[in-house]
Amino acid sequence: MHRDDLLQKARDLARSRVTDQMDLDEKVDILEHTMAELLDIQVMKPFVGRVGTTVAGGMERASGRWLMGDDPRLEPMPEKPTLADFFRHRFLKDKVGGNHLLQSAHLARTKGCSDNVVLACLLHDISVVGLIRNDHGHWAAQMVEPYVEPEVAWAIKHHQSLRFRADPDYDYDYPAFYTEVFGEEYDPPAYVKEEWAYCQSHKWFDTAMQVVVNDLYAFDPNVTLDIDDFADVIARAFDQPSEGLGFDKSPVAHMWRTLIWPNNFL
């Protein structure tokens, strides 16, 4: 069954199973569970971030074998996937998050920033978009550390904490969006504030702050971007393994394999 046909059929079936009492996570799980039923496979979703579904009693087991390998609901990855392949087949499937990465990198490039800054902006939120939201700067930095200059990984790691710190030297205010979504009373935890003092005295503080100031949530709707627009920067600043990301036996290869096969039972 073609993915588009599968999705439409699953939507029609899932609609009859959704109730007003369900939260968004539960509704998403109903849709995915329905697709699994139509494909005669059982999908064991990763536990991280599924607390609401677990508390609600979990999902009934689907019929069929447990899913291992390619998920029919996702585009298959090339045998030796490149960074651009992960953007095309995974990150950019999240249209908001994927566009955010492209727009951030585009903004940095139009300002004349270095390749390292542009690449850091392009990669700073790949964990949020494709893997895990919690401590996303740290996760994203780990994912790319073997393939980029240390400056790039450092900036990605610490942009997370510096986003919570206003800095008049960079004309950067605490985001109004954070006040809206976290509340006026929100106070960043101690480990975040401890990073501030460390970062300010570091030689790559400016690099991290360039990621921060280009990490905007509103973009020019008239600008259309594609990952190929950054092929030159990736070629110069990202050390693409010949075996393909996920298969080069690096300390982070498992993270990239998780993006290839995100719903493997084991």
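1. The protein has 14 helices and two strands, where helices (H or I, at least four residues) and strands (E, at least two) are DSSP runs numbered from the N terminus. This is a predicted model, in which local features need pLDDT of at least 70 and side-chain atom pairs count only at pLDDT 80 or more, while totals for chains, interfaces and linings use all residues. Residues are numbered from 1 along each chain as its sequence is written, and side-chain values use heavy atoms, with hydrogens and water left out.

2. Some overall figures to start with. Of the 266 residues in the protein, 44% are buried; buried means under 20% relative accessible area, exposed over 50%, and partly exposed in between (1.4 Å probe, protein chains only). The accessible surface comes to about 14500 Å², with 53% of it belonging to carbon and sulfur atoms. Accessible areas come from the Shrake-Rupley method with a 1.4 Å probe, and for residues only the protein chains shown count as cover. Among contacts (heavy atoms within 4.5 Å) between residues at least 6 apart in sequence, 68% join residues at least 24 apart.

3. Next, the core. The largest nonpolar core has 58 residues, and the members that touch the most others are Phe87, Leu119, Leu122, Leu123, Ile126, Phe238 and Trp256. Its largest share, seven residues, comes from helix 6 (residues 115–123). Such a core is a set of buried Ala, Val, Leu, Ile, Met, Phe, Trp, Tyr and Cys residues joined through side-chain atoms within 4.5 Å. Not counting residues up to four places away in sequence, Phe87 touches Leu92, Leu101, Leu122, Leu123, Ile126 and Ile227.

4. Helix 6 deserves a look of its own. Eight of its nine residues are buried, namely Asn116, Val117, Val118, Leu119, Ala120, Cys121, Leu122 and Leu123.

5. Which residue of the loop between helix 9 (150–162) and helix 10 might you pick out? Arg163 lies in this loop, and Arg163 is buried, with a relative accessible area of 3%. A polar atom of the Arg163 side chain lies 3.0 Å from the backbone oxygen of Asp215. Leaving aside neighbours within four places in sequence, Arg163 is in contact with Tyr172, Pro175, Tyr178, Val212, Asp215 and Tyr217.

6. Now the surface. Phe177, Val181, Phe182, Tyr186 and Tyr217 make a nonpolar patch of about 460 Å². Patches of this kind are made of residues with over 30% relative accessible area and no salt bridge, with nonpolar side chains (Val, Leu, Ile, Met, Phe, Trp, Tyr) joined within 5 Å; a salt bridge is a side-chain nitrogen of Lys or Arg within 4 Å of a carboxyl oxygen of Asp or Glu.

7. Two backbone angles are worth checking. Most residues other than glycine have a negative phi. Asp135, in the loop between helix 7 (126–130) and helix 8 (136–144), has a positive phi near 45° and is partly exposed at 32% relative accessibility. Asp171, in the loop between helix 9 and helix 10, has a positive phi of about 55° and is exposed at 70% relative accessibility.

8. Met68 lies in the loop between strand 2 (65–66) and helix 4 (83–89) and is partly exposed at 48% relative accessibility. Met68 and Leu266 are 198 residues apart in sequence, yet 7.5 Å apart in space, C-alpha to C-alpha. Leaving aside neighbours within four places in sequence, Met68 is in contact with Asn264, Phe265 and Leu266.

Notes:
Patches are made of residues with over 30% relative accessible area and no salt bridge: like charges are joined within 9 Å, nonpolar side chains (Val, Leu, Ile, Met, Phe, Trp, Tyr) within 5 Å. A polar contact is a pair of N or O atoms within 3.5 Å; within protein, one must be able to donate a hydrogen and the other to accept it, and residues adjacent in sequence count only if both atoms are side-chain atoms.
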